[in-house]
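Q: Could you take a close look at the aromatic rings in this structure and how they pair up? I'd like one connected walk through that part.

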Amino acid sequence: MSQYREPKKPATESTRLFDLLAYAGIGPFVLGIWLEATGENLGGIDGGFLFAAYSACILSFLCGIWWAAALNRADHPHRLALTLLSNLVCLIAWLGLLVYRTPWGLVILASGFAYMRWAEARLNPNGCQLPGYFKTRSRVTYVVIACHLSMLALEVWQ
């Protein structure tokens, strides 16, 4: 007897928890900007590194979502693209972290978020089963890009 099960129907439940976590995820970016603006640090970690490390972490997390979609959906029309691009963007995030002390680090990281938003709309990694959540993700992405631009302005003008 086969263990294959029919896929579950798309989720229709509330996405409040996911939305809350997405918006809460902006907090560390704001904290990094504040630390950088005030010259303070958090346990010896300056605002620039906190910001860049968190940015690279979140970009890698988003890449993991694509990787999971490629692994779990063998019939996905963009499976190869999701697999390769998830790895490429993750490596680019790492590069952004490596050069975080230069303005290019923030440009690379911000570009990673912009690219992920643009490509996610086209590749549809998870079948947009929770359209409300992806609307939230879009809003949060725009705020995160604005945070990167704010941090870039702080670094250029200091």
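A: Helices and strands here are DSSP runs, numbered from the N terminus. Read that way, this predicted model follows the pattern α-α-β-β-α-α-α-α along the sequence, that is, six helices and two strands.

Now to the rings. Searching the whole structure turns up five aromatic pairs. In one of them, Phe 29 and Phe 113 have ring centres 6.1 Å apart and planes at 80°, so this pair is edge-to-face; the cut-off for that class is over 60 degrees. The pair links distant parts of the chain, with Phe 29 in helix α2 and Phe 113 in helix α5, 84 residues apart. Phe 29 counts as buried because its relative accessibility is 1%, and Phe 113, at 4%, counts as buried too. Ring pairs also bring in Phe 51 and Tyr 54, giving a cluster of Phe 29, Phe 51, Tyr 54 and Phe 113.

Tyr 115 and Trp 118 make a tilted pair, at 5.9 Å centre to centre with 40° between the planes. Both of these residues sit in helix α5, three residues apart, or about one turn of the helix. Tyr 115 is partly exposed at 28% relative accessible area, and Trp 118 is partly exposed at 48%.

Terms used: Residues are numbered from 1 along each chain as its sequence is written. This is a predicted model: local features need pLDDT of at least 70, side-chain atom pairs count only at pLDDT 80 or more; totals for chains, interfaces and linings use all residues. Side-chain values use heavy atoms; hydrogens and water are left out. Helices (H or I, at least four residues) and strands (E, at least two) are DSSP runs, numbered from the N terminus. Rings of Phe, Tyr and Trp (its six-membered ring) pair if their centres lie within 6.5 Å; planes under 30 degrees apart count as stacked, over 60 as edge-to-face and the rest as tilted. Buried means under 20% relative accessible area, exposed over 50%, partly exposed in between (1.4 Å probe, protein chains only).
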